[in-house]
Amino acid sequence: AKVILGGIIGSINPEISDAMKICKNTIVTVANYAESRGVTILLEPINRYETNVFNKLDQVSEFIDLLENKNIQILADVFHMNIEEPSIEESIKKNAHNIGYIHVADSNRLAPGMGHINLASIFQVLEEVGYDGVVGFEYLPLPDSELALKTGFTTISNIRKS
């Protein structure tokens with residue numbers, strides 16, 4: 001199983017010198033327990049408006065690469081990547097070795113196809129890097145849940161067919 005170690009939301013006070021050390025130790029403690037149970041932990045980079053801890057895939061990937069735990073992966077969320085990454089596609093290519101799950105939403109946190117993210121390009125890169133993990137929807141059910149679901153599935157189905 002893969003378990004999201006919650007979106008790390010909020011700020012770490014940069015004046016507290018051990019703040020990141022405490023964060024790392026906490027994540028390692030959780031990962032060690034999870035590993036003993038055969039569970040993979042997912043860390044999700046969240047945009048700077050919600051946290052100052054992990055905002056980009058590079059930051060999480062470098063953190064993971066420094067750890068001895070082999071059961072920590074990145075949850076790459078296209079919505080947050082649209083805010084933080086200069087190039088979503090390049091970030092995926094660079095950090096593909098640590099990506100274990102993908103969240104898809106459009107630029108406005110609505111269903112794929114209701115914003116401006118080039119999802120076709122992103123799916124092409126996922127195919128190029130050999131990503132074979134889960135891609136899940138995480139978007140608002142607007143204007144209503146039925147239309148949002150239909151739009152998301154139709155958009156992704158059309159991308160996958162082309």
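The legends below accompany several close-up views of one predicted model.

Residues are numbered from 1 along each chain as its sequence is written. Because the model is predicted, local features need pLDDT of at least 70 and side-chain atom pairs count only at pLDDT 80 or more, while totals for chains, interfaces and linings use all residues, and side-chain values use heavy atoms, with hydrogens and water left out.

View 1. Helix 2 spans residues 57-66, where helices (H or I, at least four residues) and strands (E, at least two) are DSSP runs numbered from the N terminus. Leu57, Val60, Ser61, Phe63 and Ile64 are buried in this helix; they cover an arc of only 160° around the axis, which puts them on the same side of helix 2. The arc is that of the directions from the helix axis to the C-beta atoms, and buried means under 20% relative accessible area, exposed over 50% and partly exposed in between (1.4 Å probe, protein chains only). An α-helix has 3.6 residues a turn, so residues three or four places apart point the same way. Glu62 and Leu66 are exposed residues on the face turned away from the buried side of helix 2. The buried residues of helix 2 pack against helix 1 (19-36), strand 2 (40-43), strand 3 (72-77), helix 3 (78-84), helix 4 (88-95) and strand 4 (99-104), with contact taken as heavy atoms within 4.5 Å.

**View 2. The ring pair of Phe54 and Phe63.** Rings of Phe, Tyr and Trp (its six-membered ring) pair if their centres lie within 6.5 Å, with planes under 30 degrees apart counted as stacked, over 60 as edge-to-face and the rest as tilted; by this rule there are three aromatic pairs. In one of them, the centres of the Phe54 and Phe63 rings are 5.1 Å apart and the planes stand at 55°, so the pair is tilted. Both partners are buried, Phe54 with a relative accessible area of 5% and Phe63 with a relative accessible area of 10%.

View 3. Phe137 lies in strand 5 (residues 134-137) and, at 31% relative accessibility, counts as partly exposed. Together with Tyr139 and Phe153, Phe137 forms one aromatic cluster.

**View 4. Salt bridges that join separate elements.** A salt bridge is a side-chain nitrogen of Lys or Arg within 4 Å of a carboxyl oxygen of Asp or Glu, and by this rule the count comes to six. One of them pairs Arg48 with Glu84, the closest N and O atoms being 2.9 Å apart; this pair links distant parts of the chain, with Arg48 in the loop between strand 2 and helix 2 and Glu84 in helix 3, 36 residues apart. Arg48 is partly exposed, with a relative accessible area of 46%, whereas Glu84 is buried, at 9%. Lys94 and Asp58 meet through their side chains in a further salt bridge (3.3 Å, N to O); Lys94 lies in helix 4 and Asp58 in helix 2, so the pair ties together parts that are 36 residues apart in sequence. Lys94 counts as exposed at 54% relative accessibility, while Asp58 is partly exposed, at 24%.

View 5. Arg109 has a positive phi of about 65° although it is not a glycine, and Arg109 counts as buried at 15% relative accessibility. Asp77, Arg109 and Glu138 are linked in a network of salt bridges. Ser107 is likewise buried, at 15% relative accessibility, and, leaving aside its neighbours within four places in sequence, Ser107 is in contact with Phe79, Asn82, Gly115, His116 and Ile117.

View 6. The peptide bond from Leu142 to Pro143 is cis, with omega near 0°, and Pro143 is found in the loop between strand 5 and helix 6 (145-161). Most residues other than glycine have a negative phi, and most peptide bonds are trans.
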